[in-house]
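Good morning, colleagues. Please look at the sequence and structure now on the screen.

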Amino acid sequence: MTRPDYPVPYIAAWSGEHLPMRRVIQVGDGIALVGQQRDTTKVSWKRWALRPGSGRPEYGNVHGPRQRRALRKRLCQVCGGPADRNELGWLWLLEDHRADAEQGWPEGEMTTHPPLCLVCAPVAARLCPHLRDNVVAVRVGRVILDGVYGQLYVPGVPDPIPARNDVALFMDRRARWMVGGQLAASLLDVTVVDLAELTTETPAARAAVRR
């Protein structure tokens with residue numbers, strides 16, 4: 001049972017959605033999963049059942065197919081509805097790296113986190129561990145779906161060997177050696193905005209902030 005002020009994010013996995021991992025084999029230019037074709041980018045994606053609400057919510061575990069759908073369709077990562085968009089672009093929350101990042105950040109930032117709607121943005125800022133006390137709100141004019149985050153493998157005998165979790169562009173040969181978990185996107189035409197001002201734009205957002 002979940003509290004109304006601690007919603008189960010749309011992209012979170014449920015314990016009843018796990019599927020057995022298929023055997024990883026080596027093919028000519030990378031890896032594949034037995035009985036499963038790679039997609040057009042030559043990435044092998046981790047399998048999931050689509051049974052939201054089955055079992056227990058796993059707040060720290062991302063459901064790959066829903067995460068990819070949210071990024072592709074610009075859906076809010078918390079409620080699954082349309083993400084907020086204005087003349088500057090879609091609303092995103094990022095970890096704030098302005099103090100130590102290169103000049104121009106967050107232009108070109110690569111992320112696996114989908115955007116948000118106005119109502120859910122303050123909830124995510126308050127409850128997401130990677131955002132808490134270190135968050136910046138941005139508007140994104142262009143989103144390029146150009147990478148994958150997942151388990152990288154290296155050649156081995158008789159089967160490839162898992163190495164580490166990593167992120168790679170689809171054009172990078174490493175992508176063909178990964179079991180993909182999440183889609184990654186590059187954010188362009190990025191404008192930093194004031195989260196406090198955003199969350200007072202609607203009555204529902206104001207209510208969410210007061211919880």
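I begin with the second largest pocket, whose lining consists of Leu93, Leu94, Glu95, His97, Glu109, Met110, Thr111, Thr112, His113, His130 and Leu131. Please bear in mind that this is a predicted model. The volume of this second largest pocket is about 170 Å³. Strand 7 contributes three residues, the largest share of its lining, and strand 8, residues 110-111, also supplies at least two. By class, the lining comprises four nonpolar, five polar and two charged residues.

The largest pocket has a volume of about 680 Å³. Its lining is formed by 30 residues, and those nearest the centre are Tyr59, Gly60, Asn61, Val62 and Gln182. Two or more lining residues come from each of strand 5, helix 2, strand 9 and strand 11. In this lining, 17 residues are nonpolar, twelve are polar and one is charged.

Let me turn to helix 1. Within this helix, residues 64-73, the buried positions are Gly64, Arg66, Gln67, Arg68, Ala70 and Leu71. Their cover includes strand 1, strand 4, strand 5, strand 7, strand 9 and strand 11. Just beyond the helix, Arg74 adopts a positive phi of about 55 degrees.

Finally, I come to Glu17, located in the loop between strand 1 and strand 2. Is Glu17 buried or exposed? Glu17 counts as buried because its relative accessibility is 0%. Leaving aside residues up to four places away in sequence, Glu17 contacts Ala12, Trp48, Ala49, Leu50, Arg51, Pro52, His63 and Arg66. Of these contacts, Arg66 is also one of the buried residues of helix 1.

Notes
Residues are numbered from 1 along each chain as its sequence is written. This is a predicted model: local features need pLDDT of at least 70, side-chain atom pairs count only at pLDDT 80 or more; totals for chains, interfaces and linings use all residues. Side-chain values use heavy atoms; hydrogens and water are left out. Buried means under 20% relative accessible area, exposed over 50%, partly exposed in between (1.4 Å probe, protein chains only). Helices (H or I, at least four residues) and strands (E, at least two) are DSSP runs, numbered from the N terminus. Contact means heavy atoms within 4.5 Å. On a 1 Å grid over the protein atoms alone, a cavity is a set of points where a 1.4 Å probe fits but cannot get out, and a pocket is an open set with protein on both sides within 12 Å along at least five of seven lines; lining residues have an atom within 4 Å of a point. Grid points are joined across faces, edges and corners, and a volume is the space filled by probe spheres set on the points. Ala, Val, Leu, Ile, Met, Phe, Trp, Tyr, Cys and Pro count as nonpolar, Asp, Glu, Lys and Arg as charged, and the others, Gly among them, as polar.
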